[in-house]
Amino acid sequence: MNLKESRESTDMPRDGKPGPERGTAGRNPGGEPGERGREESRERIKEIERSIIRDFRKTVWRPFVSALNEYEMIQPGDNVAVCISGGKDSFLLAKCMQEILRHGKFRFGLEFLVMDPGYHRDNRRLIEENARLMGIPVQIFDSDIFDVVVDIKESPCYLCARMRRGWLYAKARELGCSKIALGHHFDDAIETILMSMLYGAQVNTMMPKLHSANFPGMELIRPLYLVRESAILDWKNSNNLRFLQCACRFTEQIEKEKAMEEEVHSSKRQEIKELIRKLEDKNPGVAKNIFRSVENVNLDACIGYVKDGQRHHFLETYES
């Protein structure tokens, strides 16, 4: 596979007129959008799409295309389910996937899935409004995950994530998809490396793609793998977009407005995020070096390692 960058001009004219924030402009008295409202909505969608390739070509579009190519994530004829959680990452992923399908060299299928694990109605409404605003034809299906994990005392987020993954795999397979695409980005990967070392006493990373252990024939891909989170935030702010962060029962206990924004973080990951930020202040190459460290593992200088579930020790091959 070799997906190319779109050649859409970066010099497209801008009239400076913002589209409707939530599709309310130009509505008829009955509440349905009139022709003016529909036209403004279409222009808003186009502007969001153009911004990815025009304004964020270097920081979003090129890293996105590079990841697809370098890790061979999509093949001709694939059917991919893009999983949208409601946050900035997954919505940007959905738009990038639409654009690469439109401008790429070959065809593949796309489905856009939103699983509602028990969202508050305001949170679900925000996801639905953003999908309309961005021109993403989402399919929403319900589950009871929040009810299941609400009373779990130890690692509820881990259990929730695993259950979400299972539901998404099952729904994607039902729709004829063989791959699910998640919105994890570069910073998620390097934070995972440090978290595994500092809190798990092991060296692991978030892989760009992997086969499902529980759903044979299904694969997970992460097309934003080389995109920095700062670029995603810049894209979001540039387009005046507002997304969910985490709408689970825990964040619902927080002040409502804060719970629906990007300021709620899990403690350990936030610690690692801040650590990397401080290190980058002194050495801008730190993040890339963390990432490259798992591309340059020297087994000759490892005391032990795990391969195919089997643990190995350097003494096994050490000659006295």
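Among contacts (heavy atoms within 4.5 Å) between residues at least 6 apart in sequence, 73% join residues at least 24 apart. The model is a predicted one, in which local features require pLDDT of at least 70 and side-chain atom pairs count only at pLDDT 80 or more, whereas totals for chains, interfaces and linings use all residues. Residues are numbered from 1 along each chain as its sequence is written, and side-chain values use heavy atoms, with hydrogens and water left out.

The chain comprises eleven helices and eight strands; helices (H or I, at least four residues) and strands (E, at least two) are DSSP runs, numbered from the N terminus. Of its 320 residues, 45% count as buried, where buried denotes under 20% relative accessible area, exposed over 50%, and partly exposed the range in between (1.4 Å probe, protein chains only). The accessible surface of the chain amounts to about 17,700 Å², and 49% of this belongs to carbon and sulfur atoms. These areas come from the Shrake-Rupley method with a 1.4 Å probe, and for residues only the protein chains shown count as cover.

Helix α7 has 15 residues and reaches 20 Å from its first C-alpha to its last, close to the 21 Å expected at 1.5 Å a residue; the expected span is 1.5 Å times one less than the number of residues. Eleven of the 15 residues of α7 are buried, including F186, I190, I193 and L194. The buried residues of α7 pack against α8, α10 and α11. After α7 comes A201, which has a positive phi near 55 degrees.

Helix α10 (residues 267-282) contains 16 residues and should span 22 Å, in agreement with the 23 Å between its end C-alpha atoms. Its buried residues are Q270, I272, K273 and I276. Viewed down the axis of α10, these buried residues fall within an arc of 160 degrees, so they line one face of the helix; the arc is that of the directions from the helix axis to the C-beta atoms. They pack against α7 (186-200), α8 (229-238) and α11 (286-293). The face of α10 turned away from its buried side carries the exposed residues S267, K278, D281 and K282.

A nonpolar surface patch is formed by M197, L198, Y199, V203, L275 and L279, with about 550 Å² of accessible area together. Patches consist of residues with over 30% relative accessible area and no salt bridge, like charges being joined within 9 Å and nonpolar side chains (Val, Leu, Ile, Met, Phe, Trp, Tyr) within 5 Å. Helices α7 and α10 each supply at least two residues of this patch, and α7 gives the most, with three. M197, found in α7, counts as partly exposed at 42% relative accessibility.

The structure holds 24 salt bridges, each defined as a side-chain nitrogen of Lys or Arg within 4 Å of a carboxyl oxygen of Asp or Glu. E35 pairs with R38 in this way, the closest N and O atoms being 3.0 Å apart; both lie in helix α1 (residues 35-54), three residues apart, about one turn of the helix. In the salt bridge between E39 and R42, the closest N and O atoms are 2.9 Å apart. K88 forms a salt bridge with E229, with a closest N and O separation of 3.1 Å. K88 lies in helix α3 (residues 88-103) and E229 in helix α8, so the pair ties together parts that are 141 residues apart in sequence. Both K88 and E229 are buried. K88, D89, E191, E229, R269 and K273 are linked in a network of salt bridges.
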